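User: Please go through this model with me, starting with the ligand surroundings and then turning to the fold.

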Amino acid sequence: MTAAASEYARGLVFGSIDARVEISVFNPLISAYFSGSSATANNAMMNKSIITDFPTQLASVAAEAESLLKRLLGDAPLDGEISRPPRLVAAMRHAALDGGKRLRPFLLVETATVFGAARAGALMAGAALELVHCYSLVHDDLPAMDDDDLRRGRPTVHKAFDEATAILVGDALLTLAFDVMARSEVHADPAVRVALVAELARASGLGGMAGGQMLDLAAEGRFEPKRVMTEKEIATLQAMKTGALIRFACCAGAILGQADATARASIDRYGTAIGQAFQIADDLLDVEGDARTLGKAAGTDAAAGKATLVAALGTMGARARLKELIAQSDAALAPFGTKADSLRAAARFIAERTT
Ligand code: IPE
Ligand code: IPE
Ligand code: MG
Ligand code: MG
Ligand code: MG
C-alpha cells in the first residue's frame, strides 16, 4: 500500500483530522509518533487535552523507568550475588537501556494511579516488567527465532555481542525481573508482591509469552506442514505472545492498588483489548513501516510466513479490528470516569503508533 493510501485508510478508520498536536519530548520513539502525520486524533474519539497530556506522561514514565533500569543494571554485585561478569552486564544494558517506548511500565503506573497505589512501587514493578519484555525481544531476535539484526535502532544483542551472550542476557534479565518484583520497594505487603510475582510468571511463561512464541514459530510451518490458521487461532497466539505482558501491566496496577474484583475484571478487559490491538498495530507497521522509523526491520513477517491478522484480514480489515478494540477498551474503562483518561489515550497511541 502506498503512503497516501495508507493515510487514507487510517483516516477512514480513525476519522478526519482536526486536532494536531506538535509536542517534542526527549524520547525519540515517542516524539516520532507525536510529530508525525498520525499525531492526530478525532475529537469525537478523544478530547484534545487528553492527547496533549499523554506524551508528557509517557515521556515522564519512560525517563523514570530508564533511571531505575540503569540502577538495577549496575556493576556492583548485590547481596547473594557473587560477581557481575562485565560482558554480561554490558550486554544486558545494551538490551534494556536507552530505547523502547516503555509502554508496559506506563500502563502499569497509570493503572496503579487509577487505583490510588504509590507511584514509586508501581515504577519498580514497571521496571521488572520491562526487564521481561527486553528479554523477550533479545530472544525473539535470535537467529533461531526471528533472526533480526536491528532492534531499537541498534544492532541486536547477538550481533553486537554474540549468540551465547544473547541467550544468557535473556536468562539474566528474566531472573532479575523476578528479583525486582519480589523487593519490598514494590509494595510493603508481601501478599501483594507474591500475587504480582505469580501473575508475572503466568503471563511470561508456558501459557503466556513463551507459549505464544512457540505457537508463532509453529505457525510458520517449521515443525509441521504449514496450514491456514483460523482468525481465532491467530488471536490466541497473539494474546499469548504479546497480549499477556500488556494485560499483566494493567492487572498489576489493580493488584498494587488492591482493587476489588469488579474493578479488576474491568481492567482485565481493557488490558486484553489493548494487548490485541498492540500486536495488530505491530503487524501493520511490519507491512507499512520502514526500518528507519521503526528501529527494526520491516517486511519480515510475510517473508517468514508469520500468521498475522493483517495477513488474514488485509490492512483495511485489521484497521477495522483496531477500531473495534478501541471501542472495547473504552467500554471497559467506563466505570473509572476521567481518572482513566491517560489509559484511554494509551489505547489510541497503541492503535495509531508509528514506532
Ligand atoms: C515490540 O514491542 C515487540 C512486540 C511485543 C510486538 P514494543 O513495540 O513495545 O517495543 P519497544 O519496547 O518500544 O522497543
Ligand atoms: C514479538 O512479536 C513478541 C515478543 C517479543 C514476545 P514480533 O516478533 O512481531 O516482534 P518484533 O516485530 O520483532 O518487535
Ligand atoms: Mg517474533
Ligand atoms: Mg520479531
Ligand atoms: Mg513484529
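This is a predicted model: local features need pLDDT of at least 70, side-chain atom pairs count only at pLDDT 80 or more; totals for chains, interfaces and linings use all residues.

User: Which element gives the most to the shell around ligand 2?

Analyst: The residues around ligand 2 include S136, L137, D140, M209, Q213 and K241. Elements giving two or more residues to this shell are α6, α10 (209–219) and α11 (231–256). With three residues, the one that gives the most is α6.

User: How many charged residues are in the shell around ligand 2?

Analyst: Among the residues around ligand 2 are D146, D148, D282 and K296. By class, two residues of the shell are nonpolar and three are polar, while the charged ones number six.

User: How far apart are the end C-alpha atoms of helix α6?

Analyst: Helix α6 covers residues 119–140, which is 22 residues. At 1.5 Å a residue it should span 32 Å. The distance between its end C-alpha atoms agrees with that, at 31 Å.

User: Is α6 mostly covered or exposed, and how many of its residues are buried?

Analyst: A residue counts as buried if 20 or more other C-beta atoms lie within 10 Å of its own. For α6, which is mostly covered, the buried residues are 19 of 22.

User: What percentage of the residues of the protein chain count as buried?

Analyst: The protein chain has 16 helices and two strands. Of its 355 residues, the buried share is 47%.

Notes. Residues are numbered from 1 along each chain as its sequence is written. Chains are lettered from A and ligands numbered from 1 in the order in which they are written. Helices (H or I, at least four residues) and strands (E, at least two) are DSSP runs, numbered from the N terminus. A residue is buried if 20 or more other C-beta atoms lie within 10 Å of its own, exposed if 12 or fewer, and partly exposed in between; C-beta atoms are placed from the backbone. The expected span of a helix is 1.5 Å times one less than its number of residues. A residue is near a molecule or strand if its C-beta atom, placed from the backbone, lies within 6 Å of it. Ala, Val, Leu, Ile, Met, Phe, Trp, Tyr, Cys and Pro count as nonpolar, Asp, Glu, Lys and Arg as charged, and the others, Gly among them, as polar.
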